[in-house]
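Please keep the structure open beside the text and find each residue as it comes up.

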Amino acid sequence: MASDKDPARVAAGLKASIHNPNVSLEAKERAAEKLEAMDDAVGLPSDAPETNRVLGGYKATLANSHTSPEAKAHAREILEAAGYTFDKGHDVSDEEHETRVLAGYKAALHNPRVSLEAKEHAKQVLEEHGAL
């Protein structure tokens, strides 16, 4: 799903697919799963821990080299429906973008909710960029 699509209209299309007698059972099930995922992704306040964990799982799917292209496409759709973008803004310089990325890794080091493995990865990236 492209980021310029209205999530409400996408949801309406999925609901229509579910109720259309000319749509296969398999397609109806996929539509129901996508609709449920969209509801989960955007139904709770953005600061809700459950939503953050769900969206974090979809982000991890995009980064996992063992994930199928279909699963990655689905994860991208869900994240885009939740308002995430994947490209840096046109008004953000490469230097500013890198600064923001490294700041995120630094924040991970101090976040008690971040796993030890993720903290190790953050530390490794920061060391590689001379930011530690």
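**Notes on the predicted model**

1. The chain has 132 residues, and buried residues make up 20% of them. Please bear in mind while reading that this is a predicted model.

2. Among the contacts in the chain with a separation of 6 or more, 35% are between residues 24 or more positions apart.

3. Helix α1 covers residues 7-19, and Ala11 lies in it. Is Ala11 buried or exposed? Ala11 has a relative accessible area of 13%, and because the cut-off for a buried residue is under 20%, Ala11 is counted as buried. Leaving aside residues up to four places away in sequence, Ala11 touches Leu35 and Met38. The C-alpha atom of Ala11 is also separated by 8.6 Å from that of Lys34, although these two residues are 23 residues apart along the chain.

4. How many salt bridges does a search of the whole structure find? The search finds three, and they are taken in turn in this point and the next two. One of them joins Arg30 to Glu26, with the closest N and O atoms 2.9 Å apart. Both residues belong to helix α2, which spans residues 25-43, and they are four residues apart, or about one turn of the helix. Arg30 is partly exposed, with a relative accessible area of 44%, whereas Glu26, with 54%, is exposed.

5. Another salt bridge is formed by Glu77 with Lys34, where the closest N and O atoms are 3.6 Å apart. Glu77 lies in helix α4 (residues 69-81) and Lys34 lies in helix α2, so this pair ties together parts of the chain that are 43 residues apart in sequence. Glu77 is buried, with a relative accessible area of 19%, while Lys34 is partly exposed, with a relative accessible area of 29%. A student may like to check the value for Glu77 against the cut-off, since buried means under 20%.

6. The remaining salt bridge to describe is the one in which the side chains of Arg100 and Glu96 meet, at 2.5 Å from N to O. Arg100 and Glu96 are four residues apart in helix α5 (residues 94-110), which means that about one helical turn separates them. Glu96 is partly exposed, and its relative accessible area is 32%.

7. Tyr58 deserves a look of its own, and the helix that holds this residue is α3, which covers residues 49-63. With 18% relative accessibility, Tyr58 counts as buried. Which residues does Tyr58 touch, if those up to four places away in sequence are not counted? The residues touched are Ala37, His74, Ala75, Ile78 and Leu79.

8. Finally, please turn to the charges on the surface, where Glu117, Glu120, Glu127 and Glu128 gather in a patch of negative charge. Glu120, one of the residues in this patch, is found in helix α6, which runs over residues 116-128. Why does Glu120 count as exposed? Its relative accessibility is 52%, and the cut-off for an exposed residue is over 50%, so Glu120 is placed in the exposed class.

How values were computed
Residues are numbered from 1 along each chain as its sequence is written. This is a predicted model: local features need pLDDT of at least 70, side-chain atom pairs count only at pLDDT 80 or more; totals for chains, interfaces and linings use all residues. Side-chain values use heavy atoms; hydrogens and water are left out. Patches are made of residues with over 30% relative accessible area and no salt bridge: like charges are joined within 9 Å, nonpolar side chains (Val, Leu, Ile, Met, Phe, Trp, Tyr) within 5 Å. Accessible areas come from the Shrake-Rupley method with a 1.4 Å probe; for residues, only the protein chains shown count as cover. A salt bridge is a side-chain nitrogen of Lys or Arg within 4 Å of a carboxyl oxygen of Asp or Glu. Lys and Arg count as positive and Asp and Glu as negative; His and the chain ends are not counted. The place of a charge is taken as NZ of Lys, CZ of Arg, CG of Asp or CD of Glu. Helices (H or I, at least four residues) and strands (E, at least two) are DSSP runs, numbered from the N terminus. Buried means under 20% relative accessible area, exposed over 50%, partly exposed in between (1.4 Å probe, protein chains only). Contact means heavy atoms within 4.5 Å.
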